[in-house]
Amino acid sequence: MRNASQRYICKQVHLRTETADSPFTHGLSKGRVLQMPIGHMEGNYFCDDATLQTLKAQDRIAFRYATPSGAVDAQANPNGSLENIAGVLNEGRNVLGMMPHPDRSSENLLGSADGLLLFQSMAQSLVAST
């Protein structure tokens, strides 16, 4: 859905890790705050109430927009996303849909290297599964 501001947003944001139970996040601890950039006009995540309840019950919300200290509040939500959701997992937990760009935060020269942590988690998961 379009951003609540109806404007394109390109900036660094903070994300709180909501689950460590996925190939993308198992190298992170629940509650860990990461910094990554966003760059979108249509980044406002939404779903119906039944889907939201399912995501919560199955621990499939991977990331939420948060403050640098990890508080999830309206001021930390850059685009109006439902419950500050920044990333969700599919039922098999092998697909992560997220709006922030870990690929644009893989080294400090880009403003943050926190995105690299997701790629390292994926690599570790692949090695462990072989």
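Is N84 buried or exposed? At 7% relative accessibility, N84 counts as buried (buried is under 20% relative accessible area, exposed over 50%, partly exposed in between, with a 1.4 Å probe and protein chains only).

## Basis of the model

This is a predicted model, in which local features need pLDDT of at least 70 and side-chain atom pairs count only at pLDDT 80 or more, while totals for chains, interfaces and linings use all residues. Residues are numbered from 1 along each chain as its sequence is written, and side-chain values use heavy atoms, with hydrogens and water left out.

## Overall form

The chain contains two helices and five strands, in the order β-β-α-β-β-β-α from the N terminus. Helices (H or I, at least four residues) and strands (E, at least two) are DSSP runs, numbered from the N terminus.

The radius of gyration of the chain is 14 Å, which agrees with the value near 14 Å for a compact globule of 130 residues; the radius is taken over C-alpha atoms, and the globule rule is 2.2 Å times the number of residues to the power 0.38. Along the principal axes, the C-alpha atoms fill a box of roughly 45 × 40 × 25 Å. Of the 130 residues, 41% count as buried. Among contacts (heavy atoms within 4.5 Å) with a separation of 6 or more, 67% come from residues 24 or more positions apart.

## Nonpolar cores

A nonpolar core is a set of buried Ala, Val, Leu, Ile, Met, Phe, Trp, Tyr and Cys residues joined through side-chain atoms within 4.5 Å. The largest one has 15 residues, and L15, L34, F63, Y65, L96 and L118 have the most contacts inside it. Two or more residues each come from strand 1 (9–17), strand 2 (33–40), strand 3 (61–66) and strand 4 (85–89). A second, separate core of five residues includes L52, L55, I61 and I85.

Leaving aside neighbours within four places in sequence, L96 is in contact with F24, A62, F63, G87, V88, L89 and L118.

## Surroundings of N84

N84 is located in the loop between strand 3 and strand 4. Its side chain makes a polar contact of 3.2 Å with that of N77. A polar contact is a pair of N or O atoms within 3.5 Å; within protein, one must be able to donate a hydrogen and the other to accept it, and residues adjacent in sequence count only if both atoms are side-chain atoms. Not counting residues up to four places away in sequence, N84 touches F63, R64, Y65, V72, D73, A76 and N77.

## Salt bridges

The structure holds seven salt bridges, each a side-chain nitrogen of Lys or Arg within 4 Å of a carboxyl oxygen of Asp or Glu. In the bridge between E42 and R2, the closest N and O atoms are 3.3 Å apart. This pair links distant parts of the chain, with E42 in the loop between strand 2 and helix 1 (49–57) and R2 in the segment before strand 1, 40 residues apart. E42 is partly exposed at 44% relative accessibility, and R2 is partly exposed at 42%.

R93 and D21 form another bridge, with closest N and O atoms 3.5 Å apart. R93 lies in the loop between strand 4 and strand 5 (96–98) and D21 in the loop between strand 1 and strand 2, so the pair ties together parts that are 72 residues apart in sequence. R93 is buried at 14% relative accessibility, whereas D21 is partly exposed at 48%. Salt bridges that share partners join R16, E18, K56, R64 and E83 into one network.
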